[in-house]
Amino acid sequence: MKDTLIAKKLLPGDTIGIFSPSCPATSWIPERTELAIAFLESRGYHVLPGALHGKSAGYRSGTIQERAEELNALIRNPQVRCIMASAGGYVSNAILPYIDYEALKKDPKVFVGFSDVTAVLLAVYAKTGLIPFLGPALIPIFGEKLPYSQTSFDSLQKIASGDMELPYTYPMPNLWTEDSVGLEEEEECTAAPNEWICVREGRVKGRLIGGNLDTLYGVWGSEYMPEIKEGDILYLEENRGNPEKLERALAHLMLCGVFDRIGGLILGKSADWRHGGTGMNCWQAAMEILQPYNFPILAEFDCAHTRPILTLPLGCQYELDAGEKRLSLLEKPVW
């Protein structure tokens, strides 16, 4: 790990660059893409689409080198103060060796995304020390219905502008949805009352690290995966999961000694969960692996493939109080 870097605060009037490290969502759903850009522009930001905007090479936005160069052009552009993923996918990890980390160290920027973009966020942190933001991507969040897009934006804006008193305790959104309904569609999302779940009580302070569980395996054991250290608070979320898949993934972390080191665990909401005849939800299925450990566990947190999505700077210090269902950021991730 490098010394910690933080970016300059992101403010209205600044430029947000959009990159597509994996799927060609800007090509697949162009109308929703433009509505998402208009959403950010209406909040006072300039949006600069990357070179692969509107392009497609089948399952991906371009070749590995094209995707890396799109990102590097945004990294090297001094006008760009935030780099946001257009969407996720499956192959972001392929570009990691070709990212210009040295240029990013010289000009740190707010870096934000989720899902498959976890690979890029963790690599940026491991190679530069820059605090990345596990948070919204352009199309799946800002191209979708209010009020969820606005709640997601409010969280990102507060964290990326540094406009909060410390410790900053994350407010739990009143409603959530796992529906994906674009601004261009007439139907509405199905809302559900929200609740964060205390799985095991306890209070701990530590560095937050983690992201999408499936994506971790694409960087695990490489120089692009930050070391999970003693006392860390681990954040995990997955999409389209089931107990079989989850058991295998958590057993791998157990065998690697991760659960012997961490001080706390936060599980995000699991979109499109399929219980496979067990009747168990995600955190219930996790407990067979997690039962022998005594660290606090908070489940159903809103930074996942559901809406809204709260912004979590990785690498920062937090306090988790699972019994009180409370997560507090202890340091500002921007200057």
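A nonpolar core here is a set of buried Ala, Val, Leu, Ile, Met, Phe, Trp, Tyr and Cys residues joined through side-chain atoms within 4.5 Å, where buried means under 20% relative accessible area, exposed over 50% and partly exposed in between (1.4 Å probe, protein chains only). The largest such core has 109 residues, and Val-120, Tyr-170, Leu-234, Phe-259, Phe-301 and Leu-312 touch the most other members.

This is a predicted model, so to speak of local features takes pLDDT of at least 70 and side-chain atom pairs count only at pLDDT 80 or more, while totals for chains, interfaces and linings use all residues. Residues are numbered from 1 along each chain as its sequence is written, and side-chain values use heavy atoms, with hydrogens and water left out.

**Around Tyr-170**
- Beyond its neighbours within four places in sequence, Tyr-170 is in contact (heavy atoms within 4.5 Å) with residues including Ser-155, Trp-196, Phe-301, Leu-312 and Tyr-318.
- Tyr-170 also belongs to one aromatic cluster with Tyr-168, Trp-196, Tyr-235, Phe-301 and Tyr-318.

**Aromatic pairs**
- There are 14 aromatic pairs in the structure; rings of Phe, Tyr and Trp (its six-membered ring) pair if their centres lie within 6.5 Å, and planes under 30 degrees apart count as stacked, over 60 as edge-to-face and the rest as tilted.
- Tyr-45 and Phe-153 are edge-to-face, because their ring centres are 6.1 Å apart and their planes sit at 75 degrees.
- Tyr-45 is in the loop between helix H2 (30-42) and strand E2 (46-49) and Phe-153 is in helix H7, so this pair ties together parts 108 residues apart in sequence.
- Tyr-170 and Tyr-318 are stacked, with centres 6.5 Å apart and planes at 20 degrees.
- Both Tyr-170 and Tyr-318 are buried.

**Helix H11**
- Helices (H or I, at least four residues) and strands (E, at least two) are DSSP runs, numbered from the N terminus.
- H11 spans residues 282-290 and is mostly covered, with seven of its nine residues buried.
- Those buried residues pack against strand E9, helix H9, helix H10, strand E12 and strand E13.

**Cysteines**
- You'll find zero disulfides, a disulfide being a pair of cysteine sulfur atoms within 2.5 Å.
- Cys-82 is buried at 0% relative accessibility, and its sulfur is too far for a bond because the closest cysteine sulfur, in Cys-303, is 15 Å away.
- Cys-256 is partly exposed at 32% relative accessibility, and the closest cysteine sulfur to its own, in Cys-282, is 19 Å off, too far for a bond.
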